[in-house]
Amino acid sequence: MCEDDAETPELSSFADESDSDGSEESSRDSLEETAPRVDVASVVDTAVERPRAERIELGVELLTVVDEEQLALPEAVSRLETITNDPTVTREILDAAETRGVIDRDGATIRRRVRGPTVEFERHVVRRDGEYDCRRCGKSLSTGHFVQFETGEIGPFGSSCVRTVIGRD
Ligand SMILES: [Zn+2]
């Protein structure tokens, strides 16, 4: 009656809208389903420089997971530069890693003494679509790869740079 008259047009217009929206959203949803879930806090975190102590922890963690047993110092530094742009912090990471017995320094070479967990791409690398610049080469990306460590994550990287950073080349 009166109620029916009022409700019918509303329902049909609602149905139309959800139909056209629905196709877009479902394709977006399916993309997200393939990637591990990500919390907003960690996204924000990568845009801002982390606290110094956290950068040092991340750097030490990165040194334990690289696949190579030996790294030339400049190569190690260039990987640590994906975590911090501050050379002082880079030096502190190397010092902390050495003090804790994670690495040995031998002139311009570092040797990994403590092996962290192997980075598995399916478990430890998440992908996010968005406008990013690769932390290693600066290339602009439509998909960022982020490596998850216990302390936090590093990235974004392009698909080949993420392999380089963990030494999987
Ligand atoms: Zn890159």
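Me: What makes Ala76, Arg79 and Leu80 in α4 buried?
Reply: A residue is buried if 20 or more other C-beta atoms, placed from the backbone, lie within 10 Å of its own, exposed if 12 or fewer, and partly exposed in between. Ala76, Arg79 and Leu80 are buried in α4. Helices (H or I, at least four residues) and strands (E, at least two) are DSSP runs, numbered from the N terminus. This is a predicted model, in which local features need pLDDT of at least 70, side-chain atom pairs count only at pLDDT 80 or more, and totals for chains, interfaces and linings use all residues. Residues are numbered from 1 along each chain as its sequence is written.

Me: Why are these residues said to be on the same side of α4?
Reply: They cover an arc of only 100 degrees around the axis, so they lie on the same side of α4. The arc is that of the directions from the helix axis to the C-beta atoms.

Me: What do the buried residues of α4 pack against?
Reply: They pack against α3, β1 (70-72), α5, β3 (109-112) and α7. Contact here is C-beta atoms within 7 Å.

Me: Which residues does Leu63 touch, not counting residues up to four places away in sequence?
Reply: Leu63 touches Ala76, Ala97, Val102, Ile103 and Arg112.

Me: Why is Glu49 called partly exposed?
Reply: Glu49 has 14 other C-beta atoms within 10 Å, and is therefore partly exposed. Glu49 sits in the loop between α2 (40-47) and α3.

Me: How far apart are Glu49 and Asn85 in space?
Reply: Their C-alpha atoms are 9.0 Å apart, while the two are 36 residues apart in sequence.

How values were computed. Two residues are in contact if their C-beta atoms, placed from the backbone, lie within 7 Å.
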